[in-house]
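This briefing is for a reader new to the structure shown below.

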Amino acid sequence: MTIALLEVSGLSCRRGGRRVFDALSFTLNAGELLALTGRNGSGKTTLLRALALLVPADKGSIRWRGQDVSDDREGWRGELAWLGHLEGLKGDLTVAENIAVAQRLRGQAEAADLDIALTAFGLAKLAQRPVRTLSAGQRRRAALARVAASRATTWLLDEPLNALDAAAREALQTALAAHLAAGGLAIAATHAPLAGARVLDMS
Amino acid sequence: MTGFTALFLRDLRLVWRRPGDVAVVLAFFVVATVLFPLGIGPETNLLARIAAGILWCAALFASLLSLDRLFASDYEDGSLDLLLLAPWPLELAALAKCAAHWVVTGLPLAVLAPFLGVAFGLDDRSLMVLALTLLVGTPTLSLIGGLAAALTLGARRGGALLALLALPLCVPTLIFGASAIEATATGESFVVHLAILGALALVSLATLPWAIAAALRQAGE
């Protein structure tokens, strides 16, 4: 039997005395996309944050290549690309600067991936614009380009389709497909359906 | 080190894009210091005696002024999550942010202070010691302020709370900074005071990044 790339077993989380989710188990292999669905407040964001070790889980384990991720937190963080509902972009920096800084914060040398990601999300013309002058949808695209340029194996996306127009949704699906085809995996909290996703209903 | 340098340079670049924020801090330092001679009157002897305390207090307030944005802006736009998720120690990120804060506030304050000291009738040697103590003492202020800023993340009226938390912790630095200049004025050696300031800076450097990182993790939950 082969070990799943990512194995979550019996994960439970309480926030402010309330159980957000309980005994959650799933496995994910290379090339798989997991869509977390469920009503508002069902714990999709908390699960993503727990997977990223931003929120401590009460019980259960997260295993990456068979190893508990809390044994090597920095190693696990190196596998992750994160898109929260806040974009994590600096308004005074340009789109290109934001992505380049994010890459270096992840310890990557500046890569050619930057231009590819910008083009993929239709940002080539906006690359030198300060992020504060962009619309909500354009910011979202910039944040997705940051994720796509990160070379991380695991994408954690919180409502990635928010504020995106049809073209940008298409671009995200294409980027996701390329990421999965390259052996990556992704977990996305979403209300809209994502093509090719396995669905985990949280409610 | 790539991440550390990247964060340090990013923060400097952000300040460069909005030079007004630093200008306000320096202007506050100048105005606050100049108010004292105006209020006390032209008593040169008295002014020279209290100059050290006033300049140090003003520098302390000025460096606190810009601290409430140190982590708050990253907290508000989601960049803090990226720092928490970076594959290198958060302690280094805390250090990089405090170092950038020092470069844009502590360092200019130390350069500016001797010029203001002239208005108080300090002699050349005292002016030199003033700049030197600020140079060695302000890193401690940036680190202590960084801790207070991290602890008050997400708090309402965080700015006032920040000052309340940070000011008592800055007292040792203030005392030895001011007393070094007084010692020079009375002809004693300032080296001991300066050495203690240096020791305070090193202790802060060796402990506070860990405390700041812990506070940031708490804020990220």
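In this predicted model, helix 3 of chain B makes a right-handed crossing with helix 7 of chain B.

**Helix contact in chain B**
- Helix 3 of chain B spans residues 44-65 and helix 7 of chain B spans residues 124-151; their axes come within 10 Å and cross at roughly 35°.
- On the helix 3 side, the contact is made by A52(B), L55(B), A59(B), L60(B), S63(B) and L64(B).
- These meet L130(B), L134(B), T138(B), L141(B), S142(B) and G145(B) of helix 7 of chain B.
- By type, the residues of this contact are eight nonpolar, four polar and no charged.

**Sheet in chain A**
- An open sheet of four strands in chain A has the order 2-1-4-5, with antiparallel pairing.
- Strand 2 (18-28) and strand 5 (67-68) of chain A each have a single partner strand, so one side of each has no neighbour in the sheet.
- Strand 1 (residues 6-15) of chain A is joined to strand 2 of chain A by seven bridges.
- R15(A) has R18(A), in strand 2 of chain A, as its bridge partner.
- Helix 1 (residues 44-51) of chain A lies across strand 1, strand 2 and strand 4 (59-64) of chain A, and runs at about 120° to strand 1.

**Overall form of chain A**
- Chain A contains six helices and nine strands.
- The radius of gyration of chain A is 17 Å, which agrees with the value near 17 Å for a compact globule of 203 residues.
- Along the principal axes, its C-alpha atoms fill a box of roughly 45 × 35 × 30 Å.
- Of the 203 residues in chain A, 44% are buried.

Terms used
Residues numbered from 1 in each chain as written. Chains lettered and ligands numbered in written order. Predicted model: local features only at pLDDT ≥ 70, side-chain atom pairs only at ≥ 80, totals over all residues. Axes fitted to C-alpha atoms, helices over the stretch in contact; angles between N-to-C directions. Helix = DSSP H or I, 4+ residues; strand = E, 2+ residues; numbered from the N terminus. Left-handed = near helix turned anticlockwise from the far one by under 90°. Contact = placed C-beta atoms within 7 Å. Nonpolar A, V, L, I, M, F, W, Y, C, P; charged D, E, K, R; others polar. Pairing = 2+ DSSP bridges. Rg over C-alpha atoms; globule rule 2.2 N^0.38 Å. Buried ≥ 20, exposed ≤ 12 C-beta atoms within 10 Å, placed from the backbone.
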